[in-house]
Amino acid sequence: MQKTASQAEPDSETEIQVFIAASLQKVMAKLAEDYHMQHPQVKITLYAESSGTLLTQIEEGYTCDLFFSAAEEQMDQLEQDGLVVEGTRADVVRNEVVVIARKDSGTKVTGLSDLENAQSIALAGGSVPVGRYTRQALVSMGKLEAARGAVITAAELSKALGGVPISEQGNVSKVLLAVLEGSCEVGTVYLSDLYGYKDELKILETICSELSGDVVYPAAQVVNPEADETQRKAAADFLTYLLSEKAKTVFEAFDYKPAT
């Protein structure tokens, strides 16, 4: 991905770069399309990856106008870096972490409590929010020791679960794909990730927030020194749209929960 900023066209058309957590791909594609229909002069380019990867790229200088994270941790860091436009941060939606398997898998796993019965597990890395939420839940249950400084590795997880093979993935979409294709027996994703896959996949357990922590998705306008006034206004307006009642209806259709 190039680190070049989009430039507003003379006829006031503009483009904004929106960095989104991988779990937001489907709903944000719909919202960006709806917004563009109302504002055809604004092109919205979505870039989806794990929130940790997106944070690093913004810190490295990649062009970004809006950041929509799957966890508060990454947004907290961006604020500490001075890269969030003051007063623009807002919690947009909530989600839930679920343990999943294929419906035809015949798995003996019922959830986190007997995860060691799996033949193989797909799990996002510790810098990926869903991977961190899963690790936190296992720590809360006493099945895993908390890490001292660094994230809990896949090898440490495997050892704690009796040696079950763990396939560590770079984002939640890759976890979903590993389970969907059958290369891993079970995995942990967000409830919203099952949108469109409920005929093939089943939920073994919905992990309560008391174990994982609250799964909150904040969004904010990012400081982009190369953006012109047209781009900045477009980014601010799109963020306002994401917080609107109309957008809320779309989020709920994709199985996200209201932020409050």
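Reader: Hi! Where is Pro225 found?
Author: Pro225 sits in the loop between strand E10 (216-221) and helix H8. Helices (H or I, at least four residues) and strands (E, at least two) are DSSP runs, numbered from the N terminus. This is a predicted model, in which local features need pLDDT of at least 70, side-chain atom pairs count only at pLDDT 80 or more, and totals for chains, interfaces and linings use all residues. Residues are numbered from 1 along each chain as its sequence is written, and side-chain values use heavy atoms, with hydrogens and water left out.

Reader: Thanks! Is Pro225 buried or exposed?
Author: Pro225 is exposed, with a relative accessible area of 75%. Buried means under 20% relative accessible area, exposed over 50%, and partly exposed in between (1.4 Å probe, protein chains only).

Reader: And how many Å separate the C-alpha atoms of Pro225 and Ile16?
Author: They are separated by 13 Å, although the two residues are 209 residues apart along the chain.

Reader: Okay, on to H8. How many residues does H8 have?
Author: H8 has 14 residues (229-242), and it reaches 20 Å from its first C-alpha to its last. That is close to the 20 Å expected at 1.5 Å a residue, where the expected span is 1.5 Å times one less than the number of residues.

Reader: Which residue caps the N-terminal end of H8?
Author: Asp228 does, with a side-chain oxygen 3.1 Å from the backbone nitrogen of Thr230.

Reader: Nice. Which residues of H8 are buried?
Author: Gln231, Ala234, Ala235, Phe238, Leu239, Tyr241 and Leu242 are buried. Seen down the axis of H8, these buried residues fall within an arc of 155°, so they line one face of the helix. The arc is that of the directions from the helix axis to the C-beta atoms. Lys233 and Thr240, on the other side of H8, are exposed.

Reader: How do the axes of H1 and H8 cross?
Author: They come within 11 Å and cross at roughly 120°. Axes are lines fitted to C-alpha atoms, for helices over the stretch in contact, and angles run from 0 to 180 degrees between N-to-C directions. H1 and H8 are therefore oblique to each other. Angles under 35 degrees count as roughly parallel, over 145 as roughly antiparallel, 65 to 115 as roughly perpendicular and the rest as oblique.

Reader: What about H1 and H9, at what angle do they pack?
Author: Helix H1 (residues 25-38) and helix H9 (residues 245-253) pack at an angle of about 150°, with their axes 10 Å apart. H1 and H9 are therefore roughly antiparallel to each other.

Reader: Where is Thr249, by the way?
Author: Thr249 is in H9, and Thr249 is exposed, with a relative accessible area of 52%. Its C-alpha atom is separated by 43 Å from that of Gly163, 86 residues apart along the chain.

Reader: Last one: what is phi of Asp255 near?
Author: Phi of Asp255 is near 75°, a positive value in a residue other than glycine. Most residues other than glycine have a negative phi. Asp255 lies in the loop between H9 and strand E11 (257-258).

Methods. A polar contact is a pair of N or O atoms within 3.5 Å; within protein, one must be able to donate a hydrogen and the other to accept it, and residues adjacent in sequence count only if both atoms are side-chain atoms.
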